[in-house]
Amino acid sequence: MSAPACTSFCRGLAPDEWARPSLCDDWSVREVAIHIVSYDDLGWSGLPMAFLRGGLRVDSVNAWAVARHADLSNDEVIELVRRCETPRGLTSAMHGAIALTDGLIHQQDIRRALGRPREIPAERLLPALDFALKAPTLPAKRNARGLRLVATDHDWSRGTGDEVAGPAESLLMAIAGRPVALDELSGPGLATLADRVS
């Protein structure tokens, strides 16, 4: 989903959908929408303060960054997302790979929870899969260790070991720690991946 499409998608959410649980533990759809852009308005200068406030723990820093916007109305959250359509600060690092991968996974956290699937273009999905396998704040590298991941809908595979196969988006969501995607995968390495993700 492009950044403008993300804004458009948020505008289309019904009031009750904002409060529904997402695939992120303990976060609503609203909180995930905020999280996707919660670092952008900090800029590079605000990052040290954010990490100190969060005790240098990623989950705590993320919670603090989201809590900063807790008083916004849903319309104001949409405006925040619109203002951050061009990544800046932390999410713009590594040539935008952080914004692409984090945003793609979290948009799926929302879409899957609301039953609004979409087909992700390969030119976004496959680079996100590659980056997820080396991103330091994601569990994907650990979850995929010793496994061969094979996309059944694209010409993409990585790793060695017992195979786990399925749609590329399902592979991404599973290695990112979303158990709901495991049912869409198969192969002799699936049990290992499921143990790690669950």
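This is a predicted model: local features need pLDDT of at least 70, side-chain atom pairs count only at pLDDT 80 or more; totals for chains, interfaces and linings use all residues.
Local features were considered at pLDDT of at least 70 and side-chain atom pairs only at pLDDT 80 or more, whereas totals for chains, interfaces and linings use all residues. Residues are numbered from 1 along each chain as its sequence is written, and side-chain values use heavy atoms, with hydrogens and water left out.

The chain contains eleven helices and three strands, where helices (H or I, at least four residues) and strands (E, at least two) are DSSP runs numbered from the N terminus. Along the sequence these elements follow the order α-α-α-α-α-α-α-α-α-β-β-β-α-α. The radius of gyration is 17 Å, close to the 16 Å given by the globule rule for 198 residues, so the chain is as compact as a globular protein of that length; the radius is taken over C-alpha atoms, and the rule is 2.2 Å times the number of residues to the power 0.38. The C-alpha atoms fill a box of roughly 45 × 35 × 30 Å along the principal axes. Of the 198 residues, 47% are buried (under 20% relative accessible area, with exposed meaning over 50% and partly exposed in between; 1.4 Å probe, protein chains only). Among contacts (heavy atoms within 4.5 Å) with a separation of 6 or more, 57% join residues 24 or more positions apart.

Two packed helices are described by the angle and the distance between their axes. The axes of helix 7 (residues 97–114) and helix 10 (residues 168–175) come within 11 Å and cross at roughly 100°; axes are lines fitted to C-alpha atoms over the stretch in contact, and angles run from 0 to 180 degrees between N-to-C directions. Helix 7 is therefore roughly perpendicular to helix 10 (65 to 115 degrees; under 35 is roughly parallel, over 145 roughly antiparallel and the rest oblique). Helix 7 contributes L104, I105, Q108, D109 and R112 to the contact, and helix 10 contributes E169, S170, L172 and M173.

The loop between helix 2 (15–18) and helix 3 (29–37) holds S22, which counts as buried at 11% relative accessibility. The side chain of S22 reaches the backbone nitrogen of C24 at 3.0 Å and the backbone oxygen of W27 at 2.8 Å. Beyond its neighbours within four places in sequence, S22 is in contact with W27, S28, V29, V32, D109 and A113. D26, also placed in the loop between helix 2 and helix 3, is exposed, with a relative accessible area of 78%. Most residues other than glycine have a negative phi. Phi of D26 is positive, near 70°.

Methods
A polar contact is a pair of N or O atoms within 3.5 Å; within protein, one must be able to donate a hydrogen and the other to accept it, and residues adjacent in sequence count only if both atoms are side-chain atoms.
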